Amino acid sequence: MPSSIKKEIEGLRKNLRYHAYQYYVLDDPDVPDAEYDRLYKQLLAFEETHPELITPDSPTQRVGSKPLSAFGQIQHQLPMLSLDNVFNEEALYAFDQRVHDRLLHDEAIEYTAEPKLDGLAISLRYEKGVLIYAATRGDGTTGEDVTQNIRTLKSVPLMLLGKDFPDVLEVRGEVFMPKAGFAELNRQARLKEEKEFANPRNAAAGSLRQLDPKITAKRPLSIYCYSTGVVEGGELAGSTQYEMLQQLQVLGLPVCRDIRRVRGVKACLSYYQDILNRRDKLAYDIDGIVYKVDAVAFQRRLGFVARAPRWAIAHKFPAQEEISHILDVDFQVGRTGAITPVARLAPVFVGGVTVSNATLHNMDEIRRKDVRVGDQVIVRRAGDVIPEVVRVVPGSRKASSVKIEMLSHCPVCDSVIEQIDGEATARCTGGLYCSAQRAEAIKHFASRKAMDIDGLGNKLIEQLVAQALINTSADLYRLTLTSLVSLERMGEKSAENLLLALEQSKQPTLAKFLYALGIREVGETTAMNLANAFMSLSTVQNAEIDALLEVQDIGPVVAQHIVHFFQQQPNLDVIDQLQSAGIKIKDHQRTQLTSDINSELSGKIIVITGTLPGMSRGEAKEKLIAIGAKVTGSVSAKTDYLLAGDNAGSKLSKAKKLGVKVINLESMLALLCE
């Protein structure tokens, strides 16, 4: 066999190890995934042609071919110890004092602080840089042999990088499942109607303990290394815990990026609070912080007690899950009409606060989890996230438990509750009338793109609603100078200007009025299309679904929203009140439909940015919508054109990066006429 082939195979393996290191350890890939795949396939082809050159540490040899009948046992040469815990500042100060006393040390102690991962402890043994076996912690002395499964984790190097490593190196770490991977795993389970995992820790443990490594290979597992076990035939560089971790990373082993070196207890507590504040935004689950005396020499002097080191402690976070039971269920109406079932709980201390209410999300979730009034349930509160009922405690259900049923009418305004097929959320249909939706409906009605009532801002609307001066949008036109000047920070001149603006808004176009009503999923373009198709408000009100489906860009869901809106008597009452207050819709001037226009911009997705010469962005948007273009607010790969004026900022940069065609106002007007 030519030595050149062997040399090329080794070169490919070296490149693949390097790229895996850049991706999994440094999180800084320097080649696209496609290039990695190309190199991998090239190596695979060589090995298929020359199977005698395949080595166990080759990147192609991660997944074994045969499932195991049972896991073997591996005895740890050095025990895998557990950690003592503290739960408050006083206990942490006491730990620090014990460290000082044993070391007879007066200065502040340096610690390595790291997130306490909520996963499965593992030990990896490397000999001459090659992964020999992997074992779970087990009872600390003997663990399960999960070598074949660990080999499937692409973040675990089958061969260490470089040459500066001991002959024997045991590395301890934590296998975990990132939150995003956990969510996707459970989503797939729901689609297949399979049992879901309770939390990422259970998912990681269950995935790593599969007898068939091919199953483990499909699970989104990761690992972070945090210490060493047996080290023979050499040493790791550095004399501190922190330096040891940096050396592990150099060797190709993943290390958590949130690890810090801190000095003294106050710095430990600052780190604790920082991570606690960021806990929900981290990509992985943690349940506390681990502090380790940084100097290895100090660690050796401090030694161990029973099954835990004297030089390390775990500072646990408040529990995020506890058990309570459901006393009752109420239904809340959100500002957009969404109906949310809320469990009233026996008070329980969880996540650092006492919780007596928890969301049940929607009826689909209630049915999926089979939650009933009277059940014992697991309640979860994570940071500032609204507490939720996670699941029913198995085997706890009593015969007296009661099924939860959705209401037929809104608990606030008694309007019909609707749930469109394919949607999880049920909604109140009294959008113009329901007091729970009142403020948001009026804000939308008064907005610039709707009735354009100058001087009627969000804070003023909230003040008017809070003082019961308005209940619906029609009440805006009953406001008086006396009622307005009684408001905080409202002078007579401002009140007069607002009354004038209200008077000037009384002749909207049909499209603007339809948009102002706030019908679900009826935006500016859809409102314009409705106006073009039906020409009058009464015709739109009486339109049936088949007729609505003939309108450009209106599908079955939007058509159903429109019909439902005009079937609700409270909505019709408000429209009548608006007309009685003097609202007179201008005679509609039909705008050419897209099908009637031969324009390059018809049907295109367009974003507007910057200052346009001689035209406002709103006017440009109206012109584009009128010929059937879709005007959106952000640039993406789907954007067809960016209309850019002066002082165009980040949107222009992004458009150029994505290869989106950039035009100016002059070009737009020319294209409109084509």
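Colleague: What makes W311 count as buried in this predicted model?

Modeller: The relative accessible area of W311 is 13%, and buried means under 20%, so W311 is buried.

Colleague: And why is F304 called partly exposed?

Modeller: F304 comes out at 48%. Exposed would need over 50% and buried under 20%, so F304 falls in between.

Colleague: The structure holds seven aromatic pairs. What makes F304 and W311 an edge-to-face pair?

Modeller: Their ring centres are 6.4 Å apart, and pairing asks for centres within 6.5 Å. The planes make 70°, and over 60 counts as edge-to-face, so that is the label they get.

Colleague: Why is helix 20 called roughly perpendicular to helix 21?

Modeller: Helix 20 (residues 556–567) and helix 21 (residues 569–580) pack at about 75°, with axes 5 Å apart. Roughly perpendicular covers 65 to 115 degrees, so the pair qualifies.

Colleague: Which residues meet there?

Modeller: F565, F566 and Q567 from helix 20 meet Q569, N571, L572 and I575 from helix 21. By class, that contact has four nonpolar, three polar and no charged residues.

Colleague: Over to the open sheet, order 5-4-7-8. What makes strand 5 and strand 8 the edge strands?

Modeller: Strand 5 (130–136) and strand 8 (222–232) each pair on one side only.

Notes:
Residues numbered from 1 in each chain as written. Predicted model: local features only at pLDDT ≥ 70, side-chain atom pairs only at ≥ 80, totals over all residues. Heavy atoms only, no water. Phe/Tyr/Trp six-rings, centres within 6.5 Å; stacked < 30°, edge-to-face > 60°. Buried < 20%, exposed > 50% of the residue type's maximum accessible area, 1.4 Å probe, protein only. Axes fitted to C-alpha atoms, helices over the stretch in contact; angles between N-to-C directions. Helix = DSSP H or I, 4+ residues; strand = E, 2+ residues; numbered from the N terminus. Parallel < 35°, antiparallel > 145°, perpendicular 65-115°, else oblique. Contact = heavy atoms within 4.5 Å. Nonpolar A, V, L, I, M, F, W, Y, C, P; charged D, E, K, R; others polar. Pairing = 2+ DSSP bridges.
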